[in-house]
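Student: I have a model open on my screen and would like to learn how to read it. Could we go through a few features together?

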Amino acid sequence: MTDNFIDFQNKIEAIKSRHAAGEISQNERDNLIRKMQLKDEAWGDLWMLSPANEWFRRAKGSQSWARDYPLALVEPFARPLAEMTLPQVAYTVHQCRRCPLAENRTRAVPGEGPAPADIMLIGEGPGYHEDKQGRPFVGASGQFLEELLNGIGYKRSEVFIANVVKCRPPNNRDPQSEELEACSDYLDRQIELVDPKVIVTLGRFSMNRFFPGASISKIHGQPHRLGRRLVIPMFHPAAALHQPQRFRPLIMEDFQKLPQLIAEATNLDEGADKPGEPLNGKQLSLF
């Protein structure tokens, strides 16, 4: 499979060389590149390499493209997690056998998005559709999440989305403590690499990573400082689907605070920032 991706890259480079030689215009170059697609025979995904040299994947069963990096192009390596890049973390997650969740998954779901990013959204775990596509938040909850992001002027492609567990728990049950622990350092490294101004936790298991023992009904929408970042717990978008009259207005109201919080986080001084440790920070009085 690696050869197919390398051949595809070479074809893109050939088009760029034609432009550099004056044979085609920049618009012609870009249009040719955007029309090119590579099918991953192993999974049925489609891949594109943009004129800006960014990889995008459209997972089988999905109608949208997401920024991703082909695992086939990640070279074998032996280094500690703390030295890995985001593609290397994703590669390691896909190979992971740390807990029993690996036995029944279709695909692991490392997470997706740019680095750095203003916002990092952390959910609980993959569901049925996520397990099939290898992408976070692609079902009905994902559609609502995109609606929420659009409401504050962000596209999904501009934020990083991950979960506290990287494989689907059977029948979408709650993740267990050993499963959360098995994935913990993957998320630590992702936070470090994405370097978000604001972390939004979605649901109580994501919230408990930073606020152990807290009640989400009491602290949702309230920003807390973690070093030079803000962490804001929110209800999971799925709550709005199950009980729309109760949760949808609360989630929408909490999301509307994010632009101001991002501005506030930009001005935070450097502070102690230890990914993975419970947050005992002081709540900020921003409102």
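This is a predicted model: local features need pLDDT of at least 70, side-chain atom pairs count only at pLDDT 80 or more; totals for chains, interfaces and linings use all residues.

Student: How do I read the angle at which the axes of helix 3 and helix 7 cross?

Tutor: Angles over 145 degrees count as roughly antiparallel. Here the axes of helix 3 (residues 86-95) and helix 7 (residues 177-194) cross at roughly 165° and come within 10 Å, so the two helices are roughly antiparallel. The crossing of helix 3 past helix 7 is left-handed.

Student: Now the rings. How many aromatic pairs are there?

Tutor: Ring centres within 6.5 Å make a pair, and planes over 60 degrees apart make it edge-to-face. The count here is five aromatic pairs. One of them joins F5 and W47, edge-to-face, with 5.7 Å centre to centre and 80° between the planes. Since F5 belongs to helix 1 (residues 2-20) and W47 to strand 2 (residues 46-49), the pair ties together parts that are 42 residues apart in sequence.

Student: Are F5 and W47 buried or exposed?

Tutor: Both are buried. W47 also pairs with W55: their ring centres are 6.0 Å apart and the planes lie at 80°, so this pair is edge-to-face. W47 and W55 are both buried. Together, F5, F8, W47 and W55 form one aromatic cluster.

Student: Which residue lies over the face of F210?

Tutor: That is R209, at 5.8 Å from the ring centre.

Technical notes. Residues are numbered from 1 along each chain as its sequence is written. Side-chain values use heavy atoms; hydrogens and water are left out. Rings of Phe, Tyr and Trp (its six-membered ring) pair if their centres lie within 6.5 Å; planes under 30 degrees apart count as stacked, over 60 as edge-to-face and the rest as tilted. Helices (H or I, at least four residues) and strands (E, at least two) are DSSP runs, numbered from the N terminus. Buried means under 20% relative accessible area, exposed over 50%, partly exposed in between (1.4 Å probe, protein chains only). A charge sits over a ring if NZ of Lys or CZ of Arg is within 6 Å of the ring centre and within 35 degrees of the ring normal. Axes are lines fitted to C-alpha atoms, for helices over the stretch in contact, and angles run from 0 to 180 degrees between N-to-C directions. Angles under 35 degrees count as roughly parallel, over 145 as roughly antiparallel, 65 to 115 as roughly perpendicular and the rest as oblique. A crossing is left-handed if the near helix is turned anticlockwise from the far one by less than a right angle, and right-handed if clockwise.
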